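This briefing covers packing, voids, helices and backbone geometry. Please look at the sequence and the model first.

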Amino acid sequence: MQAITVQDRDAGIGGLTLSELPHPHAAENDVIVKVHAAGFTPGELTWPGTWTDRAGRDRTPSVPGHELSGVVTELGYGTTGLTVGQRVFGLTDWTRNGSLAQYTAVEARNLAPLPADVDHVTAAALPISGLTAYQALFDHAHLLTGQSVLIHGAAGGVGSLAVQLAREAGARVIGTGRSGDRDTALALGAHAFLDLQAEKLEDVGEVDVVFDVIGGEILERSAALVRPGGSLVTIAEPVTVHPRDARAVFFVVEPDRLRLADLARRVRDGRLKPIIGAVRPLADTPSAFAPDKRTPGKTIIRVAEE
């Protein structure tokens with residue numbers, strides 16, 4: 001089968017190669033998925049799990065990408081809850097070969113059924129961004145109706161879904177980003193928008209929740225905006241500046257089959273819409289990783305046709 005692989009840690013995106021690999025083996029509780037569409041995170045070539053297994057052993061050549069949508073073609077021993085021929089979407093393990101391949105092995109518990117009226121490209125944009133947004137707002141920040149939430153990167157892959165989820169939950173949503181993101185954030189449901197390049201962050205005032213995807217100075221300055229009893233949640237880096245009398249949480253997204261199914265229902269019902277940017281073929285993956293290409297929405301790799 002064809003897959004995108006990396007072998008040289010120092011090569012960066014220049015080491016991404018379209019390769020021929022053996023068909024994957026379904027271990028216990030695995031399924032084999034024929035991948036129709038895949039998502040990736042540009043920074044994942046710096047993640048330890050891209051290069052080593054759970055025991056820290058080199059596992060190159062490895063296949064990056066951790067979001068997928070496709071069809072189950074094989075069940076491993078002991079697998080329950082899924083069937084051959086079923087449309088599914090979800091996450092691949094951080095320390096195993098990922099989604100940028102024609103076929104991949106995935107733990108069944110990391111996948112959810114995909115409704116027939118949600119296409120694979122849309123579904124591939126949901127797992128990391130959707131689960132991250134939901135877990136940040138509700139599992140970690142415990143956002144409630146009537147509260148206020150400041151969402152950094154409101155027009156990005158994660159932030160755009162967070163805006164929609166928070167608005168539907170009845171929160172007052174303030175989005176941030178670049179000036180060109182204003183119309184997108186407001187159209188998604190943000191009540192207000194702050195341009196981080198031209199406006200003063202502190203003018204936002206106190207909020208109940210800050211959800212940060214940027215880190216650095218923005219994360220540090222955001223701590224002062226959280227009112228007592230509130231929450232500062234980030235996925236960018238561990239928190240070093242803590243809000244006064246409030247919680248600070250850094251977390252990494254976790255698989256959740258039930259929540260994935262809920263997100264798919266929201267998409268099907270028109271209540272949630274991931275922003276899809278470029279859709280590229282598998283062979284174009286190396287150029288899609290290029291950090292100098294900032295495109296609106298999430299880039300999806302189309303591996304097979306519907």
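Which residues line the largest cavity? They are A125, S129, G157, S160, L161, P274, I275 and K298. The model is a predicted one, in which local features need pLDDT of at least 70 and side-chain atom pairs count only at pLDDT 80 or more, while totals for chains, interfaces and linings use all residues. Residues are numbered from 1 along each chain as its sequence is written, and side-chain values use heavy atoms, with hydrogens and water left out.

**Cavity and pocket**

- The structure holds 1 cavity of 30 Å³ or more, and the volume of the largest cavity is about 30 Å³.
- On a 1 Å grid over the protein atoms alone, a cavity is a set of points where a 1.4 Å probe fits but cannot get out; a pocket is an open set with protein on both sides within 12 Å along at least five of seven lines; and lining residues have an atom within 4 Å of a point.
- Grid points are joined across faces, edges and corners, and a volume is the space filled by probe spheres set on the points.
- α3 gives the largest share of the lining of the largest cavity, 3 residues. (Helices are DSSP runs of H or I with at least four residues, strands are runs of E with at least two, and both are numbered from the N terminus.)
- By class, the lining of the largest cavity has 4 nonpolar, 3 polar and 1 charged residues. (Ala, Val, Leu, Ile, Met, Phe, Trp, Tyr, Cys and Pro count as nonpolar, Asp, Glu, Lys and Arg as charged, and the others, Gly among them, as polar.)
- The second largest pocket has a volume of about 180 Å³. Of its 15 lining residues, P24, R96, N97, T104 and A105 are the closest to its centre.
- The lining of the second largest pocket divides into 9 nonpolar, 4 polar and 2 charged residues.

**Nonpolar cores**

- A nonpolar core is a set of buried Ala, Val, Leu, Ile, Met, Phe, Trp, Tyr and Cys residues joined through side-chain atoms within 4.5 Å. Buried means under 20% relative accessible area, exposed over 50%, and partly exposed in between (1.4 Å probe, protein chains only).
- The largest nonpolar core has 42 residues, and F89, L137, L143, V149, I151 and A166 have the most contacts inside it. At least two residues of this core come from each of β5 (87–91), α2 (127–140), β8 (148–151), α3 (157–168), α4 (182–188), β11 (207–212) and α6 (257–268). α2 provides the largest share, 7 residues.
- Leaving aside residues up to four places away in sequence, L137 touches H142, L143, V149, A162, L165 and A166. (Contact means heavy atoms within 4.5 Å.)
- A second, separate core has 28 residues, including V35, L82, A108 and L111.
- In soluble globular proteins, nonpolar side chains tend to be buried together.

- The end C-alpha atoms of α3 are 18 Å apart, which agrees with the 16 Å its 12 residues should span at 1.5 Å a residue. (The expected span is 1.5 Å times one less than the number of residues.)
- α3 is mostly covered, with 9 of its 12 residues buried: V158, G159, S160, L161, A162, V163, Q164, L165 and A166.
- The elements covering the buried residues of α3 include α2, β8, β9 (172–177), α4, β11 and α6.
- G170 follows α3 and has a positive phi, near 90 degrees.
- α6 has 12 residues and reaches 17 Å from its first C-alpha to its last, close to the expected 16 Å.
- L260, A261, D262, L263, A264, R266 and V267 are buried in α6. The buried residues of α6 pack against β5, β7 (111–113), α1 (120–124), α2 and α3.

**Backbone geometry and loops**

- T60 and P61 are joined by a cis peptide bond with omega about 0 degrees. P61 is in the loop between β3 (30–39) and β4 (67–75).
- H142 is not a glycine, although its phi is positive at about 55 degrees. H142 lies in the loop between α2 and β8 and counts as partly exposed because its relative accessibility is 44%.
- D245, also a residue other than glycine, has a positive phi near 55 degrees. D245 is in the loop between β12 (226–234) and β13 (247–250) and counts as exposed at 57% relative accessibility.
- E28 lies in the loop between β2 (17–20) and β3, and its 53% relative accessibility makes it count as exposed.
- E28 and R244 are 216 residues apart along the chain, and 47 Å separates their C-alpha atoms.
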